[in-house]
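Q: I have a chain open here and want to talk it through. Can we start with the overall fold and then go to the details?

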Amino acid sequence: MEGYLGKEVASMVNVCRQTVSHYVSLFNEGGLELLLHRDFAPGQEPFLTEEQQEKIKQLVLTTTPAELGWDVASAWNTKLLQSYVEKHFGVSISREALRKLLHRKGLSWTRPTYTLAKGDPDRQKNFEKQIDFIKKLNGS
């Protein structure tokens with residue numbers, strides 16, 4: 001549009017001249033809409049369907065391997081998930097691909113910690129106040 005030759009534009013945006021020519025043809029035929037249109041998602045087909053990916057996310061968020069009788073572990077890791085996915089979905093997927101899948105689903109790895117299932121919030125607050133009082137007495 002600014003009067004550059006195709007080979008000059010190709011050099012500026014680091015693509016071959018034929019690519020620039022193809023883009024110009026698409027733009028002339030259907031404008032920006034046709035130029036940006038895609039009939040397919042870029043990249044490789046996912047190993048798991050969106051529904052299966054969501055099931056894995058919910059599995060990690062709501063259960064432990066021990067609760068399902070899958071393992072004695074109290075938290076999921078990629079090795080356990082890899083086995084689970086293979087058995088339940090019949091899909092062989094790498095541990096790294098599982099890690100990336102979980103990351104795309106908004107999950108991140110954390111070290112499991114112990115929490116009291118039946119902790120009394122009022123008693124916990126009272127305990128925290130006592131600890132703060134003790135710290136103040138000791139000058140901490």
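Q: How many helices and strands are in the protein chain?
A: This is a predicted model. The protein chain has six helices and zero strands. Read from the N terminus on, the elements run α-α-α-α-α-α.

Q: What is the radius of gyration of the protein chain, against that of a compact globule?
A: The protein chain has 27 Å, whereas a compact globule of 140 residues would have a radius of gyration near 14 Å. The C-alpha trace spans about 80 × 50 × 25 Å along its principal axes.

Q: And how much of the protein chain is buried?
A: Of the 140 residues, 17% are buried. The protein chain exposes about 11800 Å², and 53% of that comes from carbon and sulfur atoms.

Q: What about contacts between residues at least 24 apart?
A: They make up 33% of the contacts between residues at least 6 apart in sequence.

Q: Switching to charges. How many positive and negative side chains are there?
A: There are 19 positive and 17 negative side chains, and the centres of the two sets lie 9 Å apart.

Q: How many salt bridges does the structure hold?
A: Four salt bridges. One of them pairs Lys105 with Glu50, with the closest N and O atoms 2.4 Å apart. Lys105 is in the loop between α5 (95-104) and α6 (121-137), while Glu50 is in helix α3, so this pair links distant parts of the chain, 55 residues apart.

Q: Which other residue forms a salt bridge with Lys105?
A: Glu54, where the closest N and O atoms are 3.6 Å apart. Glu54 lies in helix α3 and Lys105 in the loop between α5 and α6, so this pair ties together parts 51 residues apart in sequence.

Q: Is Lys105 buried or exposed?
A: Lys105 counts as buried because its relative accessibility is 13%, under the 20% cut-off. Glu54, at 31%, counts as partly exposed.

Q: Where do Glu96 and Arg99 lie?
A: Both are in helix α5, three residues apart, about one turn of the helix. Glu96 is partly exposed at 39%, and Arg99 is partly exposed at 42%.

Q: Which residues do salt bridges with shared partners join into one network?
A: Glu50, Glu54 and Lys105.

Q: Last one, Thr64. Where does it lie?
A: Thr64 is in the loop between α3 (50-62) and α4 (78-89). Thr64 counts as buried, at 19% relative accessibility.

Q: What does Thr64 touch?
A: Leaving out residues up to four places away in sequence, Thr64 touches Ala73, Ser74 and Trp76.

Conventions:
Residues numbered from 1 in each chain as written. Predicted model: local features only at pLDDT ≥ 70, side-chain atom pairs only at ≥ 80, totals over all residues. Heavy atoms only, no water. Helix = DSSP H or I, 4+ residues; strand = E, 2+ residues; numbered from the N terminus. Buried < 20%, exposed > 50% of the residue type's maximum accessible area, 1.4 Å probe, protein only. Contact = heavy atoms within 4.5 Å. Rg over C-alpha atoms; globule rule 2.2 N^0.38 Å. Areas by Shrake-Rupley, 256 points an atom, 1.4 Å probe, with all protein chains shown as cover. Lys, Arg positive; Asp, Glu negative; His and termini not counted. Charge placed at Lys NZ, Arg CZ, Asp CG, Glu CD. Salt bridge = Lys/Arg side-chain N within 4 Å of Asp/Glu carboxyl O.
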